[in-house]
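Here is a briefing on one protein model. Look through the sequence and the 3D view first, then read the points below.

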Amino acid sequence: MVTRSRKVNATTQRVDTIVPLLLRVKPLPLQETIQLRTFAPMPGIKKEKIRVAILDLNEGHPNQGIRCIREILTAYAHHNHIPLEYDHFDVRLLKQVPKLEYDIYISSGGPGSPLESEGTEWEKIYFEWIQDLVDYNNNLANLDKKNVLFICHSFQLACRFFEVGQVSKRKSTSFGVFPIHVMKEGKNEPVFQGLKETFYAVDSRDYQVIEPRQEQLERIGGTILAIEKERPHIPLKRAVMAIRFNEYMLGTQFHPEADPTGMSMYLLRVDKKNMVIDIHGIAKWQSMIEQLNDPDKIKWTYAHVIPNFLDQALSD
């Protein structure tokens, strides 16, 4: 059964989450955080309600991402006075994917290898869902297009589906708050509106997308929007961090939904803290802690990328 989430309206309020006191991280209330971004006036919404499908690829593992996505949707609906509801689909455990009755689709990150799932039943169902959406959007008779946002693990799977780059295992885990460089094409991307040429986001992955296939990208109407920030002292290929696959589908390797509350919970975990320190040193871990309260770092990304995506989806 699909998990039915509650409807969201202008009076919906956020339930405060507990922030780890050890870090003294004090994230703004969600409404205030979202409003760091200046909202553009929304076009008239003709539908009685906006329906959003959240595709959960976490395979039952505890995570903060789904909570963050739900809270952004709640705040967005509240701010824009939009009748909105969302449903939750467990893709990997229950092999659930939404039908084409939704207006917007957000597909989450998740654990494990995006390569070892090849040939599994759930991935086959997931790829068929992507193809169904591509076919729907390519049909000129369908005027209400379906917008999709792929995040992290979903992004890597989408890169495999569209065959736009090589998905490979990293030499070491990337986890923390890192700078991301916007490409020339990304500067005109509506979903990146308000971001600086170098912005900061949460990165959590053991795999990466490298060696983009430019001819294939051009064939499907795709563009690379962002890559890892250049590190001249490290002789490794820079990973792709965001791609617009086509007019209605976009993916990010980073986590645009990550908020200070969730990130602080991860950075406090002994295994995550030790991993960051082993790879980057104690100074980098302390810097990540400080960045959680910096309004120009992950708070800014959180307050812009997904709200911008929703803006665009509702204007199509």
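The model is predicted. The protein has 10 helices and 10 strands. Of its 316 residues, 55% are buried.

**Overall build**

- Take the contacts between residues at least 6 apart in sequence: 80% of them join residues at least 24 apart.
- The largest nonpolar core holds 37 residues. Within this core, Leu73, Leu84, Ile104, Phe192 and Phe254 touch the most other members.
- There is also a second, separate core of 33 residues. Tyr105, Leu157, Ala158 and Phe161 are among its members.
- In soluble globular proteins, nonpolar side chains tend to be buried together.

**Helices H3 and H4**

- Helix H3 covers residues 121-138, and helix H4 covers residues 153-162.
- Their axes lie 11 Å apart and form an angle of about 70°. Angles of 65 to 115 degrees count as roughly perpendicular, so H3 and H4 are roughly perpendicular to each other.
- On the H3 side, the contact uses Trp122, Glu123, Tyr126, Phe127, Ile130, Gln131 and Val134. On the H4 side, it uses Ser154, Leu157, Arg160, Phe161 and Phe162.
- The residues of this contact between H3 and H4 comprise 8 nonpolar, 2 polar and 2 charged.
- An α-helix has 3.6 residues a turn, so residues three or four places apart point the same way.

**A closer look at H4**

- How many residues of H4 are buried? The count is 10 of 10, and H4 is mostly covered.
- The buried residues of H4 include His153, Gln156 and Arg160, as well as Phe155, Leu157 and Cys159.
- Two residues of H4 that meet H3, Leu157 and Phe161, also belong to the second core.
- Glu163 follows H4. The phi of Glu163 is positive, near 55°.

**Helices H7 and H8**

- Helix H7 spans residues 270-280, and helix H8 spans residues 282-291.
- Their axes come within 7 Å and cross at roughly 125°. That angle makes H7 and H8 oblique to each other.
- H7 brings Lys273, Val276, Ile277 and His280 to the contact. H8 brings Ile282, Lys284, Trp285 and Met288.
- The residues of the contact of H7 with H8 include 5 nonpolar, 1 polar and 2 charged.

- Where is Glu228? Glu228 sits in strand E8, which runs over residues 223-228.
- Is Glu228 buried or exposed? Its relative accessible area is 9%. The cut-off for buried is under 20%, so Glu228 is buried.
- The side chain of Glu228 makes a polar contact with the side chain of Arg205, at 2.8 Å.
- Leaving out residues up to four places away in sequence, Glu228 touches Arg170, His181, Arg205, Lys237, Arg238, Ala239 and Met241.
- Arg170 lies in strand E6, residues 166-182. Arg170 is buried too, with a relative accessible area of 15%.
- Which side chain makes a polar contact with the side chain of Arg170? The partner is Glu228, at 3.5 Å.
- With residues up to four places away again left out, Arg170 touches Arg205, Asp206, Tyr207, Gln208 and Glu228.
- Arg205 therefore turns up in the contacts of Glu228 and in those of Arg170, and Glu228 is buried.

Notes: Residues are numbered from 1 along each chain as its sequence is written. Side-chain values use heavy atoms; hydrogens and water are left out. Axes are lines fitted to C-alpha atoms, for helices over the stretch in contact, and angles run from 0 to 180 degrees between N-to-C directions. Helices (H or I, at least four residues) and strands (E, at least two) are DSSP runs, numbered from the N terminus. Angles under 35 degrees count as roughly parallel, over 145 as roughly antiparallel, 65 to 115 as roughly perpendicular and the rest as oblique. Contact means heavy atoms within 4.5 Å. Ala, Val, Leu, Ile, Met, Phe, Trp, Tyr, Cys and Pro count as nonpolar, Asp, Glu, Lys and Arg as charged, and the others, Gly among them, as polar. A nonpolar core is a set of buried Ala, Val, Leu, Ile, Met, Phe, Trp, Tyr and Cys residues joined through side-chain atoms within 4.5 Å. Buried means under 20% relative accessible area, exposed over 50%, partly exposed in between (1.4 Å probe, protein chains only). A polar contact is a pair of N or O atoms within 3.5 Å; within protein, one must be able to donate a hydrogen and the other to accept it, and residues adjacent in sequence count only if both atoms are side-chain atoms.
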